[in-house]
Amino acid sequence: MGNLYGNGTSSASSTRAPIHRFYASSTWIEGKAEDQLTQISKLTPVQQVAAFPDLHPGKWGPVGCAVLSKNIHPQLIGNDIGCGMSVFKTTLNLRKFRQDKAAARLRILADPANEQDAEEMLQSVGLEDAPYVSSLGSIGGGNHFCEVQTLSEVLDPALAEQYGIRKGDVLFLVHSGSRGYGMSVFEGHVSAPATGYDPASERAVLYLHEHDKAVNWASANRRLIAERAAIALRCDLELLADTPHNLIEPFRGSYLHRKGAARAEAGLVPLAGSRDTLSYLLHTVNPNPAALSSLAHGAGRKYDRASMVARLGTKKSVQQRLLNTDLGGRVICEDKKLLIEEAPQAYKSSVKVFSDLCDAKLAQGVASLRPLITFKRVQHDDGGQV
């Protein structure tokens, strides 16, 4: 389904906040997502909304948008507080990369992280007293993953040199969040009023305190996942970008809620494709006030999870095809249901999302990344899934 709005065009009335849409009329946007945008814009405390080409419907509101409000709205962030993507450059190179051997070694990510390593990681970010230590270093379900990628094409040589990356480099793209910690925080505020909390209220102060800890926990989680992958593949790491896309931050005297919208204040921002399409590294340019310092975080869903089984079926031949991509990548996922729910066909074109962002002059392409191995979930010998 297309829409009537172009890049950065706003729609507003006397009864709602302006909505700035950064996607072309040819971009697939589901009508329900547009309806959810309108509903949010009508909330009295909301001042401005920015929507990006990965926009799609969510449980509590649209995913792929940024919302500026005078109040605090826990539902706009949901349970995976601090979810985001981190990009790491490794000391590996595609010429010497052995895909099968690397895929076998990455299965170690299915095991729990060493508890001492997890505790030390939390201490390094000032979270000595944080809960859910045993979950740190784990990917989780849904659309989360640890992906080994290679830099496929340099799109801007000067920017690539600035960030110290070149064609053939092997990188990790890690997408995960705060796991059970974020869920526990959200459960205490799931009944918050639609109009949100007054920032000065006791409930708001309590929520933001735990929210901020969960954001830091999620960042530490991505770092530990990458370190475990690096140990498995016997390489060193360098963090290029750590970009959350589910969080609340003070902004222009109010509060900016990003739901599936990447923080884009400066530097490098990852744009994730599906496991069978390219991802991109973006450089933010000429900040547009209407975009609320945000960008699309990925391709965005085209079809919901519930419909994917009907669309693809459950035949073993279908599942087998989904373990190998047209780009030559390998997928490690032994959860048959998840494999189908997260099939590449469920997602929009990352090329189109990338193009919309560049056409809107919100970002400049630095490089494209081709997936080599996508790790999602495996089963232990006892049949339990991790």
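This is a predicted model: local features need pLDDT of at least 70, side-chain atom pairs count only at pLDDT 80 or more; totals for chains, interfaces and linings use all residues.

Mentor: Helix H3 passes helix H7 in a right-handed crossing. H3 gives the contact Ala-102, Arg-105 and Leu-106, while H7 gives Ala-229, Ala-232 and Leu-233. Sort these residues by class: five are nonpolar, none is polar and one is charged. Now the geometry. H3 spans residues 99–106 and H7 spans residues 202–233. Their axes come within 9 Å and cross at roughly 130°. Angles over 145 degrees count as roughly antiparallel. H3 and H7 are therefore oblique to each other.

Stay on H7 and turn to helix H6, residues 179–187. The axes of H6 and H7 also come within 9 Å, and the crossing angle is roughly 165°. H6 and H7 are therefore roughly antiparallel to each other. H6 passes H7 in a left-handed crossing. On the H6 side, the contact uses Arg-179, Tyr-181 and Val-185. On the H7 side, it uses Tyr-207, Glu-210, His-211, Lys-213, Ala-214, Trp-217 and Asn-221. By class, this contact has five nonpolar, two polar and three charged residues.

Next, the rings. The count comes to six aromatic pairs. One of them joins Trp-28 and Tyr-303. Their centres are 6.0 Å apart, with 75° between the planes, and the pair is edge-to-face. Trp-28 sits in the loop between strand E2 and helix H1. Tyr-303 sits in the loop between strand E14 and helix H8. The two residues are 275 residues apart, so the pair links distant parts of the chain. Trp-28 is partly exposed, at 34% relative accessible area.

Another pair brings us back to H6. The ring centres of Tyr-132 and Tyr-181 lie 6.3 Å apart and the planes meet at 20°, so this pair is stacked. It too links distant parts of the chain, 49 residues apart. Tyr-132 is in the loop between helix H4 and strand E6, and Tyr-181 is in H6. Tyr-181 is buried, with a relative accessible area of 2%.

Now put the pieces together. Tyr-132, Tyr-181 and Trp-217 form one aromatic cluster. Tyr-181 and Trp-217 also take part in the contact of H6 with H7.

Notes:
Residues are numbered from 1 along each chain as its sequence is written. Side-chain values use heavy atoms; hydrogens and water are left out. Axes are lines fitted to C-alpha atoms, for helices over the stretch in contact, and angles run from 0 to 180 degrees between N-to-C directions. Helices (H or I, at least four residues) and strands (E, at least two) are DSSP runs, numbered from the N terminus. Angles under 35 degrees count as roughly parallel, over 145 as roughly antiparallel, 65 to 115 as roughly perpendicular and the rest as oblique. A crossing is left-handed if the near helix is turned anticlockwise from the far one by less than a right angle, and right-handed if clockwise. Contact means heavy atoms within 4.5 Å. Ala, Val, Leu, Ile, Met, Phe, Trp, Tyr, Cys and Pro count as nonpolar, Asp, Glu, Lys and Arg as charged, and the others, Gly among them, as polar. Rings of Phe, Tyr and Trp (its six-membered ring) pair if their centres lie within 6.5 Å; planes under 30 degrees apart count as stacked, over 60 as edge-to-face and the rest as tilted. Buried means under 20% relative accessible area, exposed over 50%, partly exposed in between (1.4 Å probe, protein chains only).
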